[in-house]
Amino acid sequence: MTSKLSILGFAGSLRQGSYNKAILRAALEVVPSDAELEIFDLAGIPLFNQDMENQPAEKLKEFKAAIRAADALLIATPEYNYSMPGVLKNALDSASRPYGDNALDGKPVAIMGASIGMLGTARAQYHLRQSCVFLNMYPLNQPEVMIANAMERFDTQGNLTDEKAKVLIRQLLEGLIAWTRQLQKGRA
Ligand SMILES: Cc1cc2nc3c(=O)[nH]c(=O)nc-3n(C[C@H](O)[C@H](O)[C@H](O)COP(=O)(O)O)c2cc1C
C-alpha cells in the first residue's frame, strides 16, 4: 500500500473574494483519496529585502517549513499585467533564499489559475513556469488549468460552480500525484 501524499496549495492573491483562493477550495473538494491538500495563506510574508534574508520573519519560516514538509505543491496564480502577481513572486523569491537554502528545490508542482480575462492566466502561468526553471522545481505539464471569464464561473459566495473546471482540477491533482510518485521512485 502506498502512503498518502501531502500537497501544499497556495494562491497568489490576498483578496478575500479571490477566484484563485476559490479554486484552491474547489481542489479541496476533489482531491483524490491518496493525497491530502493543505492550504497556506501568503498574507503576512514581508516584502523580500536581501539585507534581511538571514533573519527571516516567522511567517516566512512557517511557509518554508510547510513547503519542505509537503511532497508536492499546487499553485493558483492570478494574472496581473500579463504576469504573476507580486504577492506570488515575492513568496517564491523569499522561499528561495538565502542562497543554498531554497525550500522549493526539487519540488513537484501543479499550476492553475483563474482570471476575468479570456486567456485564464495563460501568460502568468508561463512566467511562473520560467521561474520554476531557476528554482529547480518540477512543474507538471498537463492538464493546463486556465479558467477564463471567471465572473461567469463562480456563485455569489465566490465558490466555483463550473463543473468542467472542477473535473480539470481533479485531473490536475491526479496528474500531480502520479508525477510526484514517479519522481519519488526515481530518487529512491
Ligand atoms: C493590477 C492588476 C492587473 C491585472 N492584469 C490582468 C491581466 O493581465 N490579465 C487578466 O486576465 N486579468 C488581469 N487582471 C484582472 C484579474 O484577473 C482579476 O482581478 C482577478 O480577479 C485576480 O485574481 P483573484 O480573484 O484571485 O484576486 C488584473 C488585475 C489587477 C488588479
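Buried means under 20% relative accessible area, exposed means over 50%, and partly exposed is in between, using a 1.4 Å probe and protein chains only. By that scale Asp101 is partly exposed, at 28%. I will come back to Asp101.

First, the background. This is a predicted model, in which local features need pLDDT of at least 70 and side-chain atom pairs count only at pLDDT 80 or more, while totals for chains, interfaces and linings use all residues. Residues are numbered from 1 along each chain as its sequence is written, and side-chain values use heavy atoms, with hydrogens and water left out.

Let me start with two helices. Helices here are DSSP runs of H or I with at least four residues, strands are runs of E with at least two, and both are numbered from the N terminus. Helix 2 covers residues 58–69 and helix 3 covers residues 86–95; their axes come within 10 Å and cross at roughly 80 degrees. That makes helix 2 roughly perpendicular to helix 3. On terms: axes are lines fitted to C-alpha atoms, for helices over the stretch in contact, with angles from 0 to 180 degrees between N-to-C directions. Under 35 degrees counts as roughly parallel, over 145 as roughly antiparallel, 65 to 115 as roughly perpendicular, and the rest as oblique.

Which residues meet there? From helix 2 they are Leu60, Phe63, Lys64 and Ile67, and from helix 3 Ala91, Ser94 and Ala95, where contact means heavy atoms within 4.5 Å. The residues of this contact divide into 5 nonpolar, 1 polar and 1 charged. Nonpolar covers Ala, Val, Leu, Ile, Met, Phe, Trp, Tyr, Cys and Pro; charged covers Asp, Glu, Lys and Arg; the others, Gly among them, are polar.

Next, salt bridges: a side-chain nitrogen of Lys or Arg within 4 Å of a carboxyl oxygen of Asp or Glu. The whole structure has 10.

One of them joins Asp34 and Arg181, at 3.9 Å from N to O. Asp34 sits in the loop between helix 1 and strand 2, and Arg181 in helix 5, 147 residues apart. Asp34 is partly exposed, at 30%.

Glu58 is exposed at 56%, and Lys61 partly exposed at 41%.

Back to Asp101. Its salt bridge with Arg68 has closest N and O atoms 2.8 Å apart. Arg68 is in helix 2 and Asp101 in the loop between helix 3 and strand 4, so the pair ties together parts 33 residues apart in sequence. Lys64 joins Arg68 and Asp101 in a network of salt bridges.
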